[in-house]
Amino acid sequence: MADNHAQLDNAIEIVTPENIAFRYRVAGPFRRAPAYLIDMVIRAIVGRLLVFLLSAAVFFLGGFSLQALGFGVGLGLVLWFLLEWFYGGLFETFWNGQTPGKRLMGIRVLSVDGQPINGLQAVLRNVLRIVDQQPVAFCLVGLVSASANDRFQRLGDLACGTMVVVDERSWFHGVIRFH
């Protein structure tokens with residue numbers, strides 16, 4: 001009795017219109033979670049520093065008044081909001097699909113056809129992270145959606161046509177001579 005079940009594999013193959021095949025290893029939750037935690041720590045440290053430095057600067061420059069302190073805290077919180085919502089999208093746009101956490105973990109975001117993502121895809125997939133984190137901070141929606149498809153795509157990835165792959169480093173750089 002022959003078994004026709006495909007072997008469980010986290011590799012996908014993408015064929016371009018020019019009939020060139022690329023093989024990627026898809027990054028699963030155990031590779032993506034540490035990258036997200038690294039980015040979360042970076043956002044927390046930078047956000048708190050922004051609020052503290054801006055509130056202190058405005059407080060001292062504003063003549064030590066509580067009104068100046070309130071303005072500084074408010075300005076810092078607005079910048080922290082922008083940092084929380086657009087950190088991932090901006091890094092993924094300008095760092096070729098990577099945030100600092102993704103770079104440290106050796107993963108990258110690509111479109112499902114193997115192309116680099118654009119700015120809209122990067123920002124939208126990160127804004128939709130709030131949906132994947134439901135119920136509040138347990139990320140069950142994202143885990144269930146990622147486990148339901150072969151590319152481990154969360155809802156933000158499905159909506160934007162993106163996937164997270166392992167960024168394979170080449171062993172050789174430049175020209176290799178064979179004798």
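1. Asn 96 counts as partly exposed because its relative accessibility is 44%; buried means under 20% relative accessible area, exposed over 50%, and partly exposed in between (1.4 Å probe, protein chains only). Although Asn 96 is not a glycine, it has a positive phi of about 55°. Asn 96 is found in the loop between helix H2 (66-94) and helix H3 (100-105). Helices here are DSSP runs of H or I with at least four residues, strands are runs of E with at least two, and both are numbered from the N terminus.

2. The model is predicted: local features need pLDDT of at least 70, side-chain atom pairs count only at pLDDT 80 or more, and totals for chains, interfaces and linings use all residues. Residues are numbered from 1 along each chain as its sequence is written, and side-chain values use heavy atoms, with hydrogens and water left out.

3. Phe 152, also not a glycine, has a positive phi of about 55°. Phe 152 lies in the loop between H6 and helix H7 (155-160), and it counts as partly exposed because its relative accessibility is 26%.

4. Gln 134 and Pro 135 are joined by a cis peptide bond, with omega about -15°. Pro 135 lies in the loop between helix H5 (129-132) and helix H6 (140-147). Most residues other than glycine have a negative phi, and most peptide bonds are trans.

5. Helix H1 (residues 29-61) has 33 residues and reaches 47 Å from its first C-alpha to its last, close to the expected 48 Å; the expected span is 1.5 Å times one less than the number of residues. Its buried residues include Arg 32, Asp 39 and Gly 47.
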